[in-house]
Amino acid sequence: MVRAEEILNIFPGELRRRFSEAAKQAFDLQEIRLSVRQPVRIILKGKEFFIDLNGKIEAKTEKAWFISEKEIEGILNYVCKSSLYAFEDEISQGFITVSGGHRIGLAGQAVQNNDGKIRNLKHIRFLNIRISHEIIGAADRIVGYVFDKKCFNTLIIAPPGCGKTTMLRDLVRQVSNGLKDEGGLQVGIVDERSEIAGSFMGIPQNDVGIRTFVMDACPKVQGMMMLIRSMAPQVVAVDEIGNADDLKAIAQILLSGSKILATIHGDSLNDLKKFETLSDYKMREMFERFIILHKKGGICRIKEIHGQGGEVWYV
């Protein structure tokens, strides 16, 4: 469970006091959005609110606190312990992960190498603090369809903001720990954006199971290949696949004898067709279980589960 102290520890001095009211609602707090010379915004249960100079949560902008360049720089320097250079690799990827697994997204002016790749960001004036919420038991209703005497290759399909990563994280935890009389499996996570395990200084801040190792902040394709060469995982977990290179890497994982747990953006099985046109691989042949999530009444829910042979389960 998210603790208020974890959120407050992101902010220095006076700013910590201003976020104290929002931090008290840590369980419902999803994001803190900071844009230079614009009102400070927070997302609570999917709804947007503002914060005034005294830290009071407001529904309208009239009394909102407009954050300055100096204040944003102060937060960034505090998080980076006054050494942005030491965090250059993370900054070049557009985010920094802090204690508790919370992720600070960054935007500003990109600095490119001669080959066009992003080397760093400067003049960072926009921060999006995403609060990490692990939900132990989120996968309780689906794990029996995915892990029953063996692990089935599984793809979780859902639109943005519908709990794909939360579901994947808890599925990894349960497969790793084992179920009842079923022994757990060795799971390797390729955590490209540090969202699944939420690692800080290499240590997962989220519970991903006792038999799980993490390749943190590593590109998906490279990470998947490194894991099967060096760590011999029985299961590999990866978030948000969707291009030909991803599918080629997954095919290599399956050929190695490992299983795959993955997520992808979409609303239904039909959405897989637009990704398959980019690749020689067919996801319906690669995966054995398809978990469809959707949002109903503002709440993320499991819509249905499909089997490779056309079976459909409603849970």
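Asp, Glu, Lys and Arg count as charged here, Ala, Val, Leu, Ile, Met, Phe, Trp, Tyr, Cys and Pro as nonpolar, and the others, Gly among them, as polar. The model is predicted.

Q: Of the residues lining the largest cavity, how many are charged?
A: Let's begin with the names: the lining is made by Val 190, Asp 191, Glu 192, Arg 193, Glu 195, Ile 196, Lys 220 and Asp 239. Sorted by class, this lining has 2 nonpolar residues and no polar ones. The charged residues number 6.

Q: What is the volume of the largest cavity?
A: A search through the whole structure turns up 1 cavity of 30 Å³ or more. The volume of the largest cavity is about 50 Å³.

Q: How many helices and how many strands does the protein chain have?
A: Helices and strands are both present in the protein chain. The counts are 11 helices and 15 strands.

Q: What radius of gyration does the protein chain have?
A: For scale, the C-alpha atoms fill a box of roughly 60 × 50 × 35 Å along the principal axes. A compact globule with 315 residues would have a radius of gyration near 20 Å. The protein chain agrees with that, because its own value is 20 Å.

Q: Which element gives the largest share of the lining of the largest pocket?
A: This pocket holds about 1,600 Å³ of space. It is lined by 43 residues, and the closest to its centre are Gln 30, Gly 161, Gly 163, Thr 166 and Cys 300. Two or more lining residues come from each of strand S1 (29-35), helix H7 (164-177), strand S13 (289-296) and strand S14 (299-307). The largest share, 5 residues, is given by H7.

Q: Which elements give two or more residues to the lining of the second largest pocket?
A: The second largest pocket has a volume of about 240 Å³. Of its 13 lining residues, Asn 9, Lys 81, Val 98, Ser 99 and Phe 200 are the closest to its centre. By class, the lining has 8 nonpolar, 3 polar and 2 charged residues. The elements that give two or more residues are helix H4 (69-79) and strand S5 (95-97).

Q: Is H8 roughly parallel or roughly antiparallel to H9?
A: The axes of helix H8 (residues 220-230) and helix H9 (residues 244-255) come within 9 Å and cross at roughly 10 degrees. Angles under 35 degrees count as roughly parallel, whereas those over 145 count as roughly antiparallel. The crossing angle therefore makes H8, relative to H9, roughly parallel.

Q: How many nonpolar residues are in the contact of H8 with H9?
A: H8 contributes Lys 220, Val 221, Met 224, Met 225 and Ile 228, while H9 contributes Asp 245, Asp 246, Ala 249, Ile 250, Gln 252 and Ile 253. Among these residues, 1 is polar and 3 are charged. The nonpolar residues number 7.

Key:
Residues are numbered from 1 along each chain as its sequence is written. This is a predicted model: local features need pLDDT of at least 70, side-chain atom pairs count only at pLDDT 80 or more; totals for chains, interfaces and linings use all residues. Side-chain values use heavy atoms; hydrogens and water are left out. Axes are lines fitted to C-alpha atoms, for helices over the stretch in contact, and angles run from 0 to 180 degrees between N-to-C directions. Helices (H or I, at least four residues) and strands (E, at least two) are DSSP runs, numbered from the N terminus. Angles under 35 degrees count as roughly parallel, over 145 as roughly antiparallel, 65 to 115 as roughly perpendicular and the rest as oblique. Contact means heavy atoms within 4.5 Å. On a 1 Å grid over the protein atoms alone, a cavity is a set of points where a 1.4 Å probe fits but cannot get out, and a pocket is an open set with protein on both sides within 12 Å along at least five of seven lines; lining residues have an atom within 4 Å of a point. Grid points are joined across faces, edges and corners, and a volume is the space filled by probe spheres set on the points. The radius of gyration is taken over C-alpha atoms; the globule rule is 2.2 Å times the number of residues to the power 0.38.
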